[in-house]
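Trainee: I have the sequence and the model open side by side. Could you walk me through the fold before I look at single residues?

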Amino acid sequence: MTTHLNAEHSHSTLSLPDSALVSDLLTLRDYLRWVSSEFYLAGLHYGHGTDSAWDEAVALCLGALHLPWNVDPGVMEARLLPIERQRIISLTRERIATRRPLPYLLGESFFAGHPFSVDERVLIPRSPIAELIEDGFAAWFPEEPPAKVLDLCTGSGCIGIATALYLPTCEVALADISQDALAVARQNITRHDVGDRVRAVASDVFNGLEGQRFDLIVANPPYVDARDLATMPAEYRHEPSLALGAGSDGLDIVRRILREAREHLTDEGWLIVEVGNSDRHVEAAFPNVPFLWLEFERGGQGVFALSAAELDAHAASFV
């Protein structure tokens, strides 16, 4: 039989009609190989849950087929239905043509081992804070978990909801200035059936949380500086700019958090903030503050912790 797929390996096969691809690519293994080849040739950027063309191909194929990450490898040789093949081909074409991040195409992203609904109203979950959640924030609460937690600048709600799932006794507030983001967060509250302990609150940083105190405040605010924002790969331009950029040095929101967090923490409370690549700006702006910069087994940088006592001691630095 003459195959349709006899193009040089260095050239994309996306110029072929879908019918040719559907007829010649039959098994899951076929599609994993084909998608990863096309992604490699397209020079995509990976930063929304995967870090290579192969990992992105696995995520796309398994997501399109509604299969879990830990599926039995024996399924690799399974032949796919024509409608399943077509879905993978369509997603591959769209991922390459539009540069939309894969979680937006699938409508779902995994964070701390749990699925979350996502779309262009929110950032795609990818924070290294997931490791802290999975450990129950034990480094800061070794004897008993925090009773009240605030997920500030919550977006999809992934940090706060995952915290509630790992710490079944805590109450969590999800705060965001964006009503669009809060709508997605509420979808995820319902999806994970945690509405009895998790609530979504409209708040411009802390303006909307008057009189409320928490044992733990976790914030993943906008922190991208102007230079990084201007040079981001195309994939990031599909994410809401409100959730990314924060002034010339990326610290517009971080400064407000540092200045206002103490009045919303209990005396033994902790503040944990992600600032990513703007960690250098934080150090430059507050050279006398003893930020505890955290290390992560699975990679990631730019997350600091400060105690309520340290916020008190260095309050003058944040004015």
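Mentor: One convention comes before anything else: helices (H or I, at least four residues) and strands (E, at least two) are DSSP runs, numbered from the N terminus. Please also keep in mind that this is a predicted model.

Trainee: Fine. How many helices and strands does the chain have?

Mentor: There are 13 helices and nine strands in the chain. Its radius of gyration is 22 Å, close to the 20 Å given by the globule rule for 319 residues, so the chain is as compact as a globular protein of that length. Along the principal axes, the C-alpha atoms fill a box of roughly 75 × 40 × 35 Å, and 51% of the 319 residues count as buried.

Trainee: And what does the domain assignment of the chain give?

Mentor: The assignment gives domain 1 with residues 15–106 and domain 2 with residues 108–317. Their centres, taken over C-alpha atoms, are separated by 32 Å, and the contact between them involves 13 residues of domain 1 and 17 residues of domain 2.

Trainee: Let's go to the sheet. In what order do the seven strands come?

Mentor: The order is β5-β4-β3-β6-β7-β9-β8, in an open sheet with mixed pairing. The edges are formed by β5 (198–202) and β8 (292–293), each of which pairs on one side only.

Trainee: How do β8 and β9 run, parallel or antiparallel?

Mentor: They run antiparallel, with two bridges joining β8 to β9, which covers residues 303–307. Leu 292 has Ala 305 in β9 as its bridge partner.

Trainee: Which strands does helix α7 lie across?

Mentor: Helix α7, residues 158–166, lies across β3 (148–152), β4 (171–176), β5 and β6 (214–219), and runs at about 175 degrees to β4. Helix α8, residues 179–191, packs on the sheet as well, where it touches β4 and β5, and its direction makes about 175 degrees with that of β5.

Trainee: How many residues of α7 are buried?

Mentor: Seven of the nine residues in α7 are buried, so the helix is mostly covered. The buried ones are Cys 158, Ile 159, Gly 160, Ile 161, Ala 162, Thr 163 and Ala 164.

Trainee: Changing topic, what do β1 and β2 form?

Mentor: They form a hairpin with two residues between them, and in the turn Ala 112 has a positive phi of about 50 degrees. The strands β1 (residues 108–111) and β2 (residues 114–117) pair in the antiparallel sense over four bridges, with Ser 109 standing opposite Phe 116 in β2.

Trainee: Why does Cys 153 count as buried?

Mentor: Its relative accessibility is 19%, and buried means under 20%, so Cys 153 falls within that class. Val 205 counts as buried too, at 6% relative accessibility.

Key
Residues numbered from 1 in each chain as written. Predicted model: local features only at pLDDT ≥ 70, side-chain atom pairs only at ≥ 80, totals over all residues. Heavy atoms only, no water. Pairing = 2+ DSSP bridges. Contact = heavy atoms within 4.5 Å. Axes fitted to C-alpha atoms, helices over the stretch in contact; angles between N-to-C directions. Rg over C-alpha atoms; globule rule 2.2 N^0.38 Å. Buried < 20%, exposed > 50% of the residue type's maximum accessible area, 1.4 Å probe, protein only. Domains from an automatic or database assignment.
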